[in-house]
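Subject: Structure handover

Hello,

I am passing on the structure we talked about. Please look it over first; my notes follow below.

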Amino acid sequence: MLINFTFKNFRSFGGEEKFNMIAGRIREDTKSCLSVSDNTKTKLLPVTAIYGANASGKSTLVQALTWLHEAVQAGRFFTEPFLLKKGCLLKPTEFCIQMLIDGRIWEYCLRTHAADVVEETLAEVRKDKKSVVYRRNPGMGEFHLDKGIRLGKQERQYAEQLGRSLPKEKILLSTIIELNVPELTGRVAPVFKWLTDTLCPIGANSGRMYLARDLGSSPELYGEALRKADTGITGLQLVSIPMEEAGVSETKLEKFRLSDKKVLYSDFGAVQIMKEKGALKAYRWVMKHQTHEKDRHVAFPFEMESDGTMRYLNLLPILFSRSEEERVYVIDELDRSLHPTLVEMLVSKHLERAREGVRQQLIFTTHDVQLMEGSLLRRDEIWFIEKKRDGVSHVYPLSEFRYRKELNLRKGYMEGRFGAVPRVLDFVTG
């Protein structure tokens with residue numbers, strides 16, 4: 001689970017910014033909060049809604065987590081510093097994230113400039129004390145490896161040589177996994193997996209990866225969810241398509257043909273390849289719509305469905321993911337193309353799963369102020385992002401403010417009591 005995320009000098013965030021998922025001392029909906037361990041009273045929030053004006057930096061916060069996710073996945077990167085202050089071009093961009101993984105708290109920090117690593121550190125946090133696994137400073141040729149890691153003399157020499165000699169444009173965490181360094185892989189693998197798999201950033205316009213796989217596992221469940229959302233869809237159906245329309249490369253097809261797998265799912269879209277009597281057959285998921293004639297349906301390809309329907313379908317796996325899988329979903333514009341009723345339902349269902357013990361977090365940006373009303377969200381589950389007049393974005397929680405309990409939060413926010421609203425001037429004349 002995500003505990004803290006600190007970042008600096010990234011796009012519209014010029015200074016150091018801190019975002020966290022730590023629950024405050026609030027008695028609202030305590031059953032949905034996630035425990036950190038049996039030995040501490042610290043609790044983590046299952047959901048956070050982030051509000052702000054257009055161009056305030058909401059998407060940039062999502063992009064900061066996405067950047068870290070993709071950089072570790074690829075093992076290399078290119079930094080995007082704050083551009084409105086000349087000195088920031090010469091300063092490093094910094095990311096530092098604290099994660100709860102199998103009851104242990106890990107901290108991974110990465111300082112970068114252009115396409116180079118300035119400093120990289122991995123540490124375990126125990127009772128507010130950090131036990132550094134490794135610290136690397138490529139520019140100085142320095143590398144420190146925890147003496148507590150039990151390694152033979154040659155193994156330690158190899159690990160230290162790798163840490164010192166690795167090109168500064170490469171990330172050590174990713175390289176250890178890529179090379180399967182036996183001396184360190186087991187130690188860092190949980191952190192790598194968390195950053196590349198558990199952390200799931202979803203952009204405002206991005207499609208769902210492996211949607212065909214998700215649909216294939218529970219077509220009735222997804223069909224029922226679409227039907228109950230008043231979309232006019234009565235269910236999902238697989239239809240045969242020519243292999244050339246599948247959009248799967250020959251290399252992937254040949255690899256699949258030689259494997260023991262029975263189904264190959266496309267990375268994006270709703271296509272799957274199946275083995276039938278020694279041959280490969282391609283299928284695509286379509287949506288069934290009821291006609292005016294009884295018992296007659298018409299199948300629509302996904303391309304003919306509305307943006308709202310597809311956005312809803314792409315977000316449903318969040319609610320249908322396996323309860324034993326820890327996930328941290330970070331979604332830009334959760335409400336894009338969705339009716340407020342559907343947005344509220346998605347958040348409400350996520351919180352229900354949290355109360356049932358599902359250890360998953362949902363962090364999202366939104367303009368849907370209706371979510372502020374009632375008791376759906378705790379006060380510490382609402383954050384704001386405001387861009388100052390110098391172009392620097394700042395992120396802060398609602399819990400920083402003091403206000404009367406009876407205050408209508410939606411109205412107070414729209415009136416500008418908490419900032420993070422647009423200062424719109426009249427530009428229409430004549």
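Arg379 is partly exposed, with 31% of relative accessible area. This is a predicted model, and the values here are computed from it.

Salt bridges

Which residue does Arg379 form a salt bridge with? The partner is Glu28, and the closest N and O atoms are 2.9 Å apart. The two belong to distant parts of the chain, 351 residues apart: Glu28 sits in the loop between strand 2 and strand 3 (34-35), while Arg379 sits in the loop between strand 18 (360-365) and strand 19 (382-387). Glu28 is partly exposed too, at 30% relative accessibility.

The structure holds 26 salt bridges. One of them pairs Asp380 with Arg378, with 2.7 Å between the closest N and O atoms. Are these two residues buried or exposed? Asp380 is buried at a relative accessible area of 5%, and Arg378 is buried at 2%.

Another salt bridge joins the side chains of Glu224 and Arg227, at 2.8 Å from N to O. Both residues lie in helix 6 (residues 219-228); they are three residues apart, so about one helical turn separates them. Glu224 is partly exposed at 31%, and Arg227 is partly exposed at 42%. There is also a network of salt bridges that links Lys193, Asp197, Glu325 and Arg327.

Seven strands make up an open sheet with antiparallel pairing, in the order 2-1-6-7-8-9-10. Strand 2 (13-20) and strand 10 are at the edges; each has a single partner strand, so one side of each has no neighbour in the sheet. On average, neighbouring strands are turned by 15 degrees against each other, direction ignored.

At one end, strand 1 (residues 2-10) is joined to strand 2 by six bridges, and Lys8 has Glu16 in strand 2 as its bridge partner. Helix 1 (residues 58-74) lies across strand 1, strand 2, strand 6 (93-101) and strand 7 (104-113), at about 95 degrees to strand 1. Helix 3 (residues 172-179) also packs on the sheet, where it touches strand 7, strand 8, strand 9 and strand 10, and its direction makes about 85 degrees with that of strand 9.

Seven bridges join strand 8 (residues 116-126) to strand 9 (residues 129-137). Their hairpin has two residues between the strands, and Lys127 takes a positive phi near 50 degrees there. Strand 9 and strand 10 form a hairpin with four residues between them, and Gly141 in the turn has a positive phi of about 70 degrees.

Regards

Terms used
Residues numbered from 1 in each chain as written. Predicted model: local features only at pLDDT ≥ 70, side-chain atom pairs only at ≥ 80, totals over all residues. Heavy atoms only, no water. Pairing = 2+ DSSP bridges. Axes fitted to C-alpha atoms, helices over the stretch in contact; angles between N-to-C directions. Contact = heavy atoms within 4.5 Å. Salt bridge = Lys/Arg side-chain N within 4 Å of Asp/Glu carboxyl O. Buried < 20%, exposed > 50% of the residue type's maximum accessible area, 1.4 Å probe, protein only.
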